[in-house]
Amino acid sequence: MRADAHLRVGPGGRVERMHDSPPVAFRPTPEGVFLVGTAGGPLGGDDVRLGVEVTPDGELDLRSAAATVALAGCGSSWEVTLDAGARSRVRWRPEPLIVTARARHLQRATVRLASDALLDWTEVTLLGRHGEACGDADVRLEVDAGGRPLLRHEQVVGPGAPGWDGPAVLGKLRATASRLVAGANLGPPEQVAGPGWAWFELDGPGWLLLAASADLPGLRSALASAGSPSVPARAATRGGLEGRR
């Protein structure tokens, strides 16, 4: 499949424009916008592109109804482009990406933030289903803030990435997560490191959390223990990043 889906959200989380394209669809709810799969996959050969715009003063809380399962095949891709306008607030927290055996999957997100936008972006990857070997996956996140590069992060796993499961990288751990909190005037987290997780202060307006565990329950426990950088008071209102926890 070749799919292009588009979403534009304004103040108060109001959906101003929405275009679905199988195998994905957007579903607005009072809790935010849910990304829903309308077909299995992504399968080998699938190419899915999501374009998201959050207007000035807009608010978006995006989730997904279920995990994304990258299945075996000749290669699939999932590309997200997000533009967040002035004073906008975005929270991106889909369910995990599951990389099954013999999958070959590329996931890339490109985010462009206004200098005073606020972003809370979480990605979780599970390397294989229960008792299953992991396929190949390349997960990339590129973020600019105020027209300047803020983050370039990439995780490559699977048989095509020698050493990824060695003791210097993931070893036997099969659940990983990254969380970026970006915006002006953020305060530091209460703790910067713990078992299986660590926060890194970026050379720009943001903090990056990296976490890994043997399984999803352990990973969720690590993410909960890590806490969060403090968000400016003006963003901690209903509909903001703190208001929809």
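**A look at the aromatic rings**

Mentor: The count here comes to one aromatic pair, where rings of Phe, Tyr and Trp (its six-membered ring) pair if their centres lie within 6.5 Å. Before we go on, please note that this is a predicted model, in which local features need pLDDT of at least 70, side-chain atom pairs count only at pLDDT 80 or more, and totals for chains, interfaces and linings use all residues. Residues are numbered from 1 along each chain as its sequence is written, and side-chain values use heavy atoms, with hydrogens and water left out.

Now to the pair. A pair of aromatic rings is described by the distance of the centres and the angle of the planes. For W92 and W121, the centres are 4.6 Å apart and the planes make an angle of 10°. The pair counts as stacked because planes under 30 degrees apart get that word, while those over 60 are edge-to-face and the rest are tilted. W92 sits in strand β9 (residues 89–92) and W121 in strand β12 (residues 118–127), so the pair links parts of the chain that are 29 residues apart. Strands, like helices, are DSSP runs numbered from the N terminus (helices are H or I, at least four residues; strands are E, at least two).

Buried means under 20% relative accessible area, exposed over 50%, and partly exposed in between (1.4 Å probe, protein chains only).

Leaving out residues up to four places away in sequence, W121 touches V80, L82, W92, A109, V111, L141, S178, R179 and L180, where contact means heavy atoms within 4.5 Å. W121 also belongs to the largest nonpolar core, which has 35 residues, and is listed among those with the most contacts inside it, along with L50, L60, L113, L119 and L180. A second, separate core of 17 residues includes L186, A211, L219 and V231. Such a core is a set of buried Ala, Val, Leu, Ile, Met, Phe, Trp, Tyr and Cys residues joined through side-chain atoms within 4.5 Å.

Let us step out to the loops. R87 lies in the loop between β8 (76–84) and β9, the strand that holds W92. Phi of R87 is near 65°, a positive value in a residue other than glycine, and R87 is partly exposed at 36%. R102, in the loop between β10 (97–99) and β11 (104–113), has a positive phi near 70° and is exposed, with 65% relative accessible area.

Finally, look at the sheet. Two strands pair if DSSP finds at least two bridges between them. β13 (residues 136–145) and β14 run antiparallel and are joined by nine bridges; in one of these, A137 is partnered by V157 of β14.
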